[in-house]
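Trainee: Can we go through the aromatic contacts here? I would like the geometry behind each call.

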Amino acid sequence: VRHNEDILNAELSEQVRFPITQGFGFDSPHIKAYLLLQAHMDRLELPIVDYVTDLKSVLEQAVRVLQAMIDLVADEGYLQSAMSCMHVIQALSQGQWWDSPSTSAVPQLGIPEMKSLADAGIVCLSQLLPWKKPAIHKSQD
């Protein structure tokens with residue numbers, strides 16, 4: 001954690017899905033990693049360029065740790081734990097929460113397009129397949 005990043009971490013905590021509760025200091029590298037991973041999953045814009053570099057490092061390390069956890073729990077026969085770790089790796093790789101609509105994985109769909117699709121009753125990719133690109137943009141009108 002660099003100088004004055006505790007202030008940026010506190011601001012970031014207010015924007016993420018699971019904010020930091022009282023009793024934890026914002027100057028902890030563990031808290032910063034936790035906030036960076038959440039910001040990645042929420043697709044938030046990071047406050048400074050250094051956070052982008054830090055996020056890349058945290059993502060690389062998190063995937064390595066999760067892969068080691070998968071090896072360990074699979075070796076011990078804990079299928080559910082191994083599957084949970086795999087879901088977390090997939091969510092980190094896609095940059096979205098496990099309960100996000102699958103349409104959020106489509107790169108060209110922004111929040112307005114996803115809202116239009118949801119209003120039209122389309123919440124998963126299989127429902128999106130019959131649609132053509134112009135129809136998606138017309139549904140915004």
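Trainee: How many aromatic pairs does a search of the whole structure find?
Mentor: Bear in mind that this is a predicted model. Ring centres must lie within 6.5 Å to count as a pair. Searching the whole structure on that basis gives 2 aromatic pairs.

Trainee: Are the rings of Phe18 and Trp97 stacked or edge-to-face?
Mentor: Their centres are 5.6 Å apart, and their planes meet at 80°. Edge-to-face needs planes over 60 degrees apart. So the Phe18 and Trp97 pair is edge-to-face.

Trainee: How many residues apart are Phe18 and Trp97?
Mentor: Phe18 is in the loop between helix H1 (5-13) and helix H2 (29-42). Trp97 is in the loop between helix H4 (79-94) and helix H5 (111-119). The pair links distant parts of the chain, with a separation of 79 residues.

Trainee: At what angle are the planes of Trp97 and Trp98?
Mentor: The ring centres of Trp97 and Trp98 are 5.2 Å apart. The pair is edge-to-face, because the planes are at 85°.

Trainee: Is Trp97 buried or exposed?
Mentor: Buried means under 20% relative accessible area. Phe18, at 38%, counts as partly exposed. Trp98, at 58%, is exposed. Trp97 has 9% relative accessibility, so Trp97 counts as buried.

Trainee: Arg17 lies over the face of which ring, at 4.8 Å from the ring centre?
Mentor: Ring pairs join Phe18, Trp97 and Trp98 into a cluster. The charged end of Arg17 sits over the ring of Trp98, 5.8 Å from its centre. At 4.8 Å from the ring centre, Arg17 lies over the face of Trp97.

Methods. Residues numbered from 1 in each chain as written. Predicted model: local features only at pLDDT ≥ 70, side-chain atom pairs only at ≥ 80, totals over all residues. Heavy atoms only, no water. Phe/Tyr/Trp six-rings, centres within 6.5 Å; stacked < 30°, edge-to-face > 60°. Helix = DSSP H or I, 4+ residues; strand = E, 2+ residues; numbered from the N terminus. Buried < 20%, exposed > 50% of the residue type's maximum accessible area, 1.4 Å probe, protein only. Lys NZ or Arg CZ within 6 Å of the ring centre and 35° of its normal.
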